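Hi everyone, thanks for coming. Let's have the structure up on the screen and walk through it together.

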2 protein chains.
Amino acid sequence: VTQEEAVRRANAAFYAAFRALDVARMEDVWLREPYITCVHPGGPVLTGWGPIMASWERIFEHTFEVSISTADTRVHIGSDTAWIVLIEQIQSRSYEGITTGAVLATNVFELCGTHWYIVHHHGSALDHVVDENTGSLQ
Amino acid sequence: VTQEEAVRRANAAFYAAFRALDVARMEDVWLREPYITCVHPGGPVLTGWGPIMASWERIFEHTFEVSISTADTRVHIGSDTAWIVLIEQIQSRSYEGITTGAVLATNVFELCGTHWYIVHHHGSALDHVVDENTGSLQ
């Protein structure tokens, strides 16, 4: 496994946890350090394990089902820090109904031992809205 | 000069170029590589030197004057890659009048030789709008 492949897998694990709406799996992909940061679209900067995991828990609790695909993934790798820029195409079903949208994300990863962990996520809504052809989640 | 101080200086140089509306100075702070990326609030991912510099040129041409202060700056440094998360408080005067707002930014830097260069900028509008007490730019 090359380092690029390892970073892509860590990134895929982040989205797999998101898709599964599974906080335990989300905990596995983040580095347990006080300096980790997370920005959900339109929200403030959340810093540290507690506030970040609480935010995912809140999102997952209010979401019945979510479909996420990623596109335009650009990966760049340093010796111990890597960053990815990509587009998230998200369709989610919650109490508010079905919402569809695209989010532009920067994800930063850090190598700890032999494993890459996410240390920063910055998501922001794109003006562009995904064309909705299907009425149901995939 | 510690590496953290060097990264902070590179970040300060980026905002100094922005404040000065000076494309030549903006060119000095970016790494001249095809993989560099830049996201202006609400915009698409721009990749590579040409599109990124053209975007700054366009912004600078349409802006008469800009005042930017940065707040809540968090710096984290790897051996050859560093990332900063901060809030930009921007007041700008253009053909459209004076606009005031806050932008949340992720900036990624890469060490090349002895110098840190910006390789990724992701800015997104914050819902929060800066309180406008002054009618003029500082």
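Let's start with B:F14, which is buried, with a relative accessible area of 0%. Keep in mind that this is a predicted model. Where does B:F14 lie? It lies in helix 1 of chain B, residues 3-20.

That helix has 18 residues and runs 25 Å from its first C-alpha to its last, close to the 26 Å expected at 1.5 Å a residue. Just after the helix, look for B:L21, where phi is positive, about 50 degrees.

Now to the aromatics. Over all chains, the structure holds 14 aromatic pairs. Let me show you two of them.

On chain A, A:F18 and A:F60 make a tilted pair, with 6.0 Å from centre to centre and 35 degrees between the planes. A:F18 sits in helix 1 of chain A and A:F60 in helix 3 of chain A, so to speak two distant parts of the chain, 42 residues apart. Are these two residues buried or exposed? A:F18 and A:F60 are both buried.

On chain B, we come back to B:F14, whose partner is B:W30. Their ring centres are 6.3 Å apart and the planes meet at 70 degrees; an angle over 60 counts as edge-to-face, so that is what we call this pair. B:W30 lies in the loop between helix 2 (23-29) and strand 1 (37-39) of chain B, so the pair ties together parts that are 16 residues apart in sequence. B:W30 has 2% relative accessibility, and because buried means under 20%, B:W30 counts as buried too.

Back on chain A, one aromatic cluster is formed by A:F14, A:Y15, A:F18, A:W30, A:W56 and A:F60.

Next, the pockets. The largest pocket has a volume of about 690 Å³. Helix 3, strand 3, strand 4, strand 5 and strand 6 of chain A each supply at least two. By class, the lining of the largest pocket has 11 nonpolar, 12 polar and three charged residues.

The second largest pocket has a volume of about 510 Å³. It is lined by 20 residues, and the closest to its centre are B:F18, B:P41, B:I59, B:I90 and B:S92. Here, helix 3, strand 3, strand 4, strand 5 and strand 6 of chain B each give two or more residues. This lining divides into eight nonpolar, 10 polar and two charged residues.

Let me finish with A:P41. You will find A:P41 in the loop between strand 1 (37-39) and strand 2 (46-47) of chain A. Its relative accessibility is 43%, so A:P41 counts as partly exposed. What does A:P41 touch, leaving aside its neighbours within four places in sequence? The contacts are A:V103, A:G123, A:S124 and A:A125. As for A:I52, that residue is 11 places from A:P41 in sequence and 14 Å away in space, C-alpha to C-alpha.

Terms used: Residues are numbered from 1 along each chain as its sequence is written. Chains are lettered from A and ligands numbered from 1 in the order in which they are written. This is a predicted model: local features need pLDDT of at least 70, side-chain atom pairs count only at pLDDT 80 or more; totals for chains, interfaces and linings use all residues. Side-chain values use heavy atoms; hydrogens and water are left out. On a 1 Å grid over the protein atoms alone, a cavity is a set of points where a 1.4 Å probe fits but cannot get out, and a pocket is an open set with protein on both sides within 12 Å along at least five of seven lines; lining residues have an atom within 4 Å of a point. Grid points are joined across faces, edges and corners, and a volume is the space filled by probe spheres set on the points. Helices (H or I, at least four residues) and strands (E, at least two) are DSSP runs, numbered from the N terminus. Ala, Val, Leu, Ile, Met, Phe, Trp, Tyr, Cys and Pro count as nonpolar, Asp, Glu, Lys and Arg as charged, and the others, Gly among them, as polar. Rings of Phe, Tyr and Trp (its six-membered ring) pair if their centres lie within 6.5 Å; planes under 30 degrees apart count as stacked, over 60 as edge-to-face and the rest as tilted. Buried means under 20% relative accessible area, exposed over 50%, partly exposed in between (1.4 Å probe, protein chains only). The expected span of a helix is 1.5 Å times one less than its number of residues. Contact means heavy atoms within 4.5 Å.
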